[in-house]
Amino acid sequence: MHIDCCWVATDMHVAICIVGFCNAEQIRQCVDALSESDHADFEIVICENGGADAHARLQSALPPVLAGGQPVAVLLAPGNIGYAGGVNACISAAPDAGAWWVVNPDTAPAPSAMRELLARLALGDCDAVGGTLHYADGTVQGYGGRWHGWMARAESLGKGTRMADRVNPAEVEPKLDYLLGASMLLGRRFVEVNGLMREDYFLYAEEVEWCLRAKRRGLRLGLAPAARILHGQGGTTGSADPIARRPRLPIYLDERNKLNVVRDTTPARLPVAACAAFVLIVLRYVRRGAWRQAGYALSGWAAGLRNARDFPPWMR
């Protein structure tokens with residue numbers, strides 16, 4: 001079937017999905033960037049996980065309608081339902097969208113980013129699209145990721161390169177196992193065939209499992225390198241802090257959920273992956289003298305062995 005890329009990119013209605021947690025100012029800056037988009041047919045749906053007071057602050061920080069006429073809806077989650085739960089709530093609140101664009105609140109997409117993502121989706125040979133996530137200094141965070149199931153580890157493709165470097169999507173796309181969760185454009189077929197995110201992950205690695213599940217079901221991932229999204233990685237959770245100052249939550253959940261990805265996708269690999277993950281924790285934290293962080297990682301690793309899920313018990 002022939003698809004007119006220009007028509008689809010111009011006329012497709014997009015629901016932009018943002019999950020917040022007591023970070024109204026950060027979300028306001030993200031919405032300001034989105035308001036400059038040169039694709040105008042969109043709405044913004046935000047799920048606030050931080051409770052009623054945070055919801056009220058976020059509502060007061062944002063207009064109900066952008067200057068271009070795009071509506072902004074702010075949902076109040078029934079408690080902290082995690083990143084996956086928040087994404088699912090946003091998607092469910094906009095069931096008639098032609099596509100859903102999941103973006104982190106600590107991102108600032110370029111004005112052309114949404115149009116570039118839609119143009120790639122419109123080619124018809126993929127069901128979800130990622131772009132170029134980058135830092136303020138022009139360093140690339142990644143174009144997407146490759147999953148190493150035997151080691152329970154994720155690898156960001158293109159990490160550390162420069163935005164000025166040329167990238168050929170035809171070379172990157174065959175390596176894509178997952179899209180980076182800070183920016184994922186999802187076509188309707190992706191959601192209808194694959195279902196929603198697994199909420200028992202709560203936070204971290206849920207996009208890896210989601211995309212691996214999608215690929216097993218015959219869905220395809222694409223890359224639009226010209227879609228540039230500035231990312232202040234870890235702006236909400238502290239995951240980008242220096243390793244010896246990194247807080248418990250991102251370390252614990254990262255280690256726990258990577259083992260859960262192995263269990264959910266290739267369970268026969270779990271014994272080997274658990275051993276490899278243990279060694280990598282020692283190399284990453286103990287070797288650098290980050291003893292407290294090593295403890296956080298090992299507790300997450302042990303929780304992954306136990307198949308622990310959902311909200312971390314020590315946060316209750």
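Student: What makes A152 count as buried or exposed?
Tutor: Its relative accessible area is 1%, and buried means under 20%, exposed over 50% and partly exposed in between, using a 1.4 Å probe and protein chains only. So A152 is buried. This is a predicted model, where local features need pLDDT of at least 70, side-chain atom pairs count only at pLDDT 80 or more, and totals for chains, interfaces and linings use all residues. Residues are numbered from 1 along each chain as its sequence is written, and side-chain values use heavy atoms, leaving out hydrogens and water.

Student: Where is A152 found?
Tutor: A152 lies in the loop between β8 (145-148) and β9 (153-156). A152 is not a glycine, yet has a positive phi of about 55 degrees.

Student: And why is N307 called partly exposed?
Tutor: Because the relative accessible area of N307 is 33%, which falls between the 20% and 50% limits. N307 sits in the segment after α11 and has a positive phi of about 65 degrees, although it is not a glycine.

Student: Nice! Why is α8 called roughly parallel to α9?
Tutor: The axes of α8 (residues 206-216) and α9 (residues 248-265) come within 10 Å and cross at roughly 20 degrees. Angles under 35 degrees count as roughly parallel, over 145 as roughly antiparallel, 65 to 115 as roughly perpendicular and the rest as oblique. Therefore α8 is roughly parallel to α9.

Student: Which residues make that contact?
Tutor: With contact meaning heavy atoms within 4.5 Å, they are V208, E209, L212 and R216 of α8 and V261, D264 and T265 of α9.

Terms used
Axes are lines fitted to C-alpha atoms, for helices over the stretch in contact, and angles run from 0 to 180 degrees between N-to-C directions. Helices (H or I, at least four residues) and strands (E, at least two) are DSSP runs, numbered from the N terminus.
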